[in-house]
Amino acid sequence: MMKKGILVIGSLNMDLSIDLAKMPVTGETILGRGIAYKAGGKGANQACAAGKLGGRVRMLGCVGQDEFGQKLVKSLSESGVEIDYIKESRALPTGTAVIYVDDNGDNSIVVIPGANMACDIEYLKEQDEQFQWCDYVVLQMEIPYEAVWYSVKRAKELGKTVILNPAPAPDEIPEEILSLVDYLTPNETEIIALNGKRKDDIREGAEKLLGRGVSNVIATLGDRGALLVNRYGETFYPARKVVSVDTTAAGDCFNGAMVAALAEGQSEAEAILFANIASSIAVTRKGAQESLPIREEVAVIM
């Protein structure tokens, strides 16, 4: 059976990754061990993950007319992603992200959107053929919110399956948008943020999101695994135990792997297990797109 089409709409950033022993606290100056320039951006990472794992993927997003933009588009193309529809902004530079990674593999990230802000409704309307082509639409929150809301609505008008990774977490997602989302994939911090910043139990937070209209909530819980909550109940999928080196693209890997598995006909359970394994491989390597596994690596473990 032919794999279904995946349309990823989102950010493309050049990551400035800085290695350090520990995260600085407010007012503290510390020495870093080095800096590396690596292809990233949540949208591009998720497209790259799905492409490397065998998905039929097209990307919508924006870069500047600069060297960073050229490198980001090239990285996607080399990962099997169709890049013909990515826009070049004349006015804005390619987005960047400064990522601090400590000895525990934990990270802290500051994003400077740049050309990602040109991924607007006008551009998306011009690319309506891509909405019609695909079966799955994957979104995050590093482009203008209005563009995300438009994409969700247009996708559902066309009967597509919508996966929304609410990262970075907005203060609010409109109820009408949540009711159109098939899979919402927040991490623990994002579940708290989406529920009014109350420190609820993860299950309780997921159930509140279901009550607001989401069909399925898949909470990604880092090295513990993932929790699926829907109207049928809840299922926990434990993570494979590994030694983490860099968690930068773990969530993006999970989302890209999950949609790649769903698009080839795997069940929800199979897709989540597949995504858990893929992300467990990614965290054992440094970087964002460089850390993402290919299909054969996941197959060996499965």
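Select β13 and β14: they form a hairpin with four residues between them, and in the turn G222 has a positive phi of about 65 degrees. This is a predicted model, where local features need pLDDT of at least 70 and side-chain atom pairs count only at pLDDT 80 or more, while totals for chains, interfaces and linings use all residues. Numbering starts from 1 along each chain as its sequence is written, and side-chain values use heavy atoms, with hydrogens and water left out. Strands here are DSSP E runs of at least two residues, helices are H or I runs of at least four, and both are numbered from the N terminus.

β13 and β14 pair in the antiparallel sense over five bridges; two strands count as paired if DSSP finds at least two bridges between them. Click I218 and look across to L228, its bridge partner in β14.

How many of the six residues of β14 are buried? Six of the six, so β14 is largely enclosed by the rest of the structure. Buried means under 20% relative accessible area, exposed means over 50%, and partly exposed is in between (1.4 Å probe, protein chains only).

Now bring up helix α8, residues 202–211. This helix lies across β12, β13, β14 and β15, running at about 40 degrees to β14. The angle is between N-to-C directions on a scale of 0 to 180 degrees, with axes as lines fitted to C-alpha atoms, for helices over the stretch in contact.

Zoom out to the whole sheet. It is open, has nine strands with mixed pairing, and is ordered β6-β4-β1-β10-β11-β12-β13-β14-β15. Its edge strands are β6 (81–82) and β15 (233–238), each pairing on one side only. For a parallel pair, select β11 (residues 161–164) and β12 (residues 183–184), which share two bridges. L164 has L184 as its bridge partner there.

Next stop: N116, in the loop between β9 (107–112) and α3 (121–126). Is N116 buried or exposed? With a relative accessible area of 1%, N116 is buried. A polar atom of its side chain lies 2.9 Å from the backbone oxygen of P113. Show what surrounds N116: leaving aside neighbours within four places in sequence, its contacts (heavy atoms within 4.5 Å) include G10, S11, C62, G95 and E142.

Then jump to D128 in helix α4, residues 128–133. D128 counts as buried at 15% relative accessibility. Beyond its neighbours within four places in sequence, D128 is in contact with Y150 and R154.

Finally, show everything. The protein has eleven helices and 15 strands. Along its principal axes the C-alpha trace spans about 50 × 45 × 40 Å. Of the 302 residues, 55% count as buried. As for contacts between residues at least 6 apart in sequence, 67% join residues at least 24 apart.

Technical notes: Contact = heavy atoms within 4.5 Å. Polar contact = N/O pair within 3.5 Å; in protein donor to acceptor, adjacent residues only side chain to side chain.
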